[in-house]
Amino acid sequence: MYDPLHDSIPGINLDYPNSYWADVSGESPDNDGQLQSDLDVDVVIIGGGFTGLSCAYYLAAEQGIKAVVLEANQTAWGCSGRNAGFVLKSSGRKSFTDMANDWGNEVMRGIYQEMAAGVDTVNNLIAQGIDCDRQAPGYLKVAHKPNKLKELIALADVQRQQFGYQVEVLSKQQVRDQYMDDQQAYGAIRYQDGFGLNPLKLAWGYQRLARQAGAKIYTGTPVINWQQQGEYQELITPNAKVRAKKVVLATNGYTPKGFHPWVNNRFLPVLSQIIVTEPLTEQQIAACNWQTNNVVMDTRALKYYYRKLPDNRILFGGRGAITGKGAEDDYYPKRLLSVLKQSFPALQRINYDYAWAGWICMSLDDIPHIYHDDQQQVFYAMGYCGAGLSFSAQAGKRLAESVAEKQLPNLPIFNRHLPKFPFAPLRRVGQWGYFQYGKIKDRYF
């Protein structure tokens, strides 16, 4: 499997992975094919996922700039078409309490408002006619140990007091009686505005909107070399050159090794693994008391997340391999299936029909960054830390504003460069160490 820390390009015109989303989403929408002739453009966007496609749409629809998108493989081939489809008011891993301690309550509230705006942005795009199998709203954050419920209640109190956010606290019995009989659930907090959808269909919806607004989207067109020529950025693709005044880097966790000095050694790509089971029978659903399609995530350091899909399959996800070389090892989907069966003993005979992995993008400071160079020629949005479905659309919108030289809010996610990882060649060693720590923490604390 492609590994961003080892490979210089993610492939050329590769097909979608053998995922549930690729199997149920139908035919992909039209694009402009492989780029065959040289172009001179105002703005080029590298990456045809949520960030790049939403940026292309907002550049054309709101800023009057018709950009060109260059995608190495297929649109949403990366994490945008591989994720769990959770729409949440979140991004990054930094807690609101830590934000308040580091930057004060006003900044913390400003970042929360950006995360909330991300959900609004997704909803507004869906309202333009995107069919993405949206499910009923509701997000459960489940305590995987009795002591974790106290932490969730404290989080709910902060969100009520600071944001006026309505959060419901559920006891262990309420979770198991009213939602699903997860034997590893010891209570939960529930938000009423998170929901699940088909992420590949959503990305394809962004693609249609962007092309209708006038953007060009070229697939099978990786950037294999990038250099500055005076006031222009020159991008070399297999069959053509693109000269642009401004370049938006929207590759996130799929950014190749050594791709550009501005992001080199400033992110850690981490594999997330997902399985989708065979359809549950009515008897299995009843035995698990599975009454909800709400999205669910637990409190582990090495989180698990799941939801019931429209066809009664269970999507279940968690961490994957450390390197691309290990990504296809069936140990990882089998491990997820084992944890699913521990939570729902009635599913001992269930198996999975689909298993796949994808790269998420971790930042050193646990928050995403939308930033540009001093000359306002190179722009990027990276570091969603596995919670970027909704915020990536907001990031695309903010990137479009930044490219158009509009002022963004004065927040750390907009006014700070991604910090470099110390001892960057050893990032994977640090990741392995964190996984070992996470195992111990999740079991004993």
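The axes of helix H4 (residues 105–126) and H10 come within 7 Å of each other and cross at roughly 90°. That makes H4 roughly perpendicular to H10, a label for angles of 65 to 115 degrees, while angles under 35 count as roughly parallel, over 145 as roughly antiparallel and the rest as oblique. Axes here are lines fitted to C-alpha atoms, for helices over the stretch in contact, and angles run from 0 to 180 degrees between N-to-C directions. Helices (H or I, at least four residues) and strands (E, at least two) are DSSP runs, numbered from the N terminus.

Before going on, a word about the model. It is predicted, so local features need pLDDT of at least 70 and side-chain atom pairs count only at pLDDT 80 or more, whereas totals for chains, interfaces and linings use all residues. Residues are numbered from 1 along each chain as its sequence is written, and side-chain values use heavy atoms, with hydrogens and water left out.

**Helices that meet**

Which residues of H4 meet H10? On the H4 side they are Glu-114, Met-115, Ala-117, Gly-118, Val-119, Thr-121, Val-122 and Leu-125, and their partners in H10 are Leu-389, Ser-390, Phe-391, Ala-393, Gln-394, Lys-397 and Arg-398. Contact means heavy atoms within 4.5 Å.

H10 also meets helix H2. The axes of H2 (residues 50–63) and H10 (residues 389–403) come within 7 Å and cross at roughly 45°. That makes H2 oblique to H10.

Phe-96, Met-99, Ala-100 and Trp-103 of H3 make the contact with Asn-105, Val-107, Met-108, Ile-111 and Tyr-112 of H4.

The table sorts the residues of each contact by class. Ala, Val, Leu, Ile, Met, Phe, Trp, Tyr, Cys and Pro count as nonpolar, Asp, Glu, Lys and Arg as charged, and the others, Gly among them, as polar.

| Contact | Classes of residues |
|---|---|
| H4 with H10 | eight nonpolar, four polar, three charged |
| H2 with H10 | nine nonpolar, five polar, three charged |
| H3 with H4 | eight nonpolar, one polar, no charged |

**Spaces inside**

On a 1 Å grid over the protein atoms alone, a cavity is a set of points where a 1.4 Å probe fits but cannot get out, and a pocket is an open set with protein on both sides within 12 Å along at least five of seven lines; lining residues have an atom within 4 Å of a point. Grid points are joined across faces, edges and corners, and a volume is the space filled by probe spheres set on the points.

How many cavities of 30 Å³ or more does the structure hold? There is one. About 90 Å³ of space lies in the largest cavity, which is lined by 14 residues, with Asp-182, Asp-298, Arg-300, Tyr-306 and Ser-343 nearest its centre. Strand S13 gives the most to this lining, with three residues.

The second largest pocket has a volume of about 420 Å³. Its lining has 17 residues, and Arg-300, Tyr-304, Lys-439, Asp-442 and Arg-443 lie nearest the centre. By class, four of the lining residues are nonpolar, five polar and eight charged.
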